[in-house]
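Reader: I am new to reading protein models. Could we go through this one in short questions and answers?

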Amino acid sequence: SLTLTMVGAAMLWVGWFGFNAGSALAANATGVNAFVVTHISSAMAGLTWVVLDYMVHKRATVLGIISGAVAGLVAITPASGSVNAMGALGVGIGASVIAFFAVTVIKPRFGYDDALDVFGVHGMAGIWGAIAAGLWATSAVPGNTADGLFYGHPMQVIIQLKAVVYTIIWSGVMSWLILQV
């Protein structure tokens, strides 16, 4: 049911505020920033997916806006403590473009089984979000001391890329070990 899917996505979106903003462990400026950028990124990603759907398939869909919104939520999570509202726009747009490409081009091309587009939406948007933190991080965000590429610190992108690669390796090795056991 698309109606129930929309209700579920709305509940997920509201719950995500508690996850990202709640990570500040206080009702302070850091939590407020995380709340705001979470909303902006998700809204921009949902809108971007609709535009991409319309450009590619000549129609916009509710499922598309839901997929985009979820991609935006996933992508902003690693960056919610370090980017401002302008950065959240970039995170959301990038998340939607990358996830849309993964779902509509990569998945059909390789034919892997991913009925819920978990890899395309969560995996790819999560990787993008971690890297995007290195682009738009700014020490102007309360509680953040690091600046990213667009704020004069290009090495932050390298730090984020290393973190992504280490996480992929760690997850792969540990999953393989668990499978063996």
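Author: Start with a term: contact means heavy atoms within 4.5 Å. The model shown here is predicted.

Reader: Leaving aside neighbours within four places in sequence, which residues is Phe35 in contact with?
Author: Phe35 lies in helix H2. With neighbours within four places in sequence left aside, the contacts of Phe35 are Phe17 and Ala21.

Reader: Is Phe35 buried, partly exposed or exposed?
Author: Buried means under 20% relative accessible area and exposed means over 50%, with partly exposed in between. Phe35 has 40% relative accessibility, so Phe35 counts as partly exposed.

Reader: Which helices do the buried residues of H1 pack against?
Author: The buried residues of H1 are Ala9, Trp16, Phe17, Asn20 and Ala21. These buried residues pack against H2 and H3.

Reader: Which residues touch the most other members of the largest nonpolar core?
Author: This core has 28 residues. Helices H1, H2, H3, H4 and H5 each give two or more residues to it. The members that touch the most others are Ile76, Val91, Trp128 and Trp136.

Reader: Is Tyr166 buried or exposed?
Author: Tyr166 is placed in helix H6, residues 155-180. It is part of a nonpolar surface patch with Val165, Ile169, Val173, Trp176 and Leu177. Since the cut-off for exposed is over 50%, a relative accessibility of 54% means that Tyr166 counts as exposed.

Reader: How far apart in space are Phe35 and Gly81, C-alpha to C-alpha?
Author: In sequence, Phe35 and Gly81 are 46 residues apart. In space, their C-alpha to C-alpha distance is 9.6 Å.

Conventions:
Residues numbered from 1 in each chain as written. Predicted model: local features only at pLDDT ≥ 70, side-chain atom pairs only at ≥ 80, totals over all residues. Heavy atoms only, no water. Patch = residues over 30% accessible without salt bridge, like charges linked within 9 Å, V, L, I, M, F, W, Y side chains within 5 Å. Areas by Shrake-Rupley, 256 points an atom, 1.4 Å probe, with all protein chains shown as cover. Salt bridge = Lys/Arg side-chain N within 4 Å of Asp/Glu carboxyl O. Helix = DSSP H or I, 4+ residues; strand = E, 2+ residues; numbered from the N terminus. Buried < 20%, exposed > 50% of the residue type's maximum accessible area, 1.4 Å probe, protein only. Core = buried A, V, L, I, M, F, W, Y, C linked by side-chain atoms within 4.5 Å.
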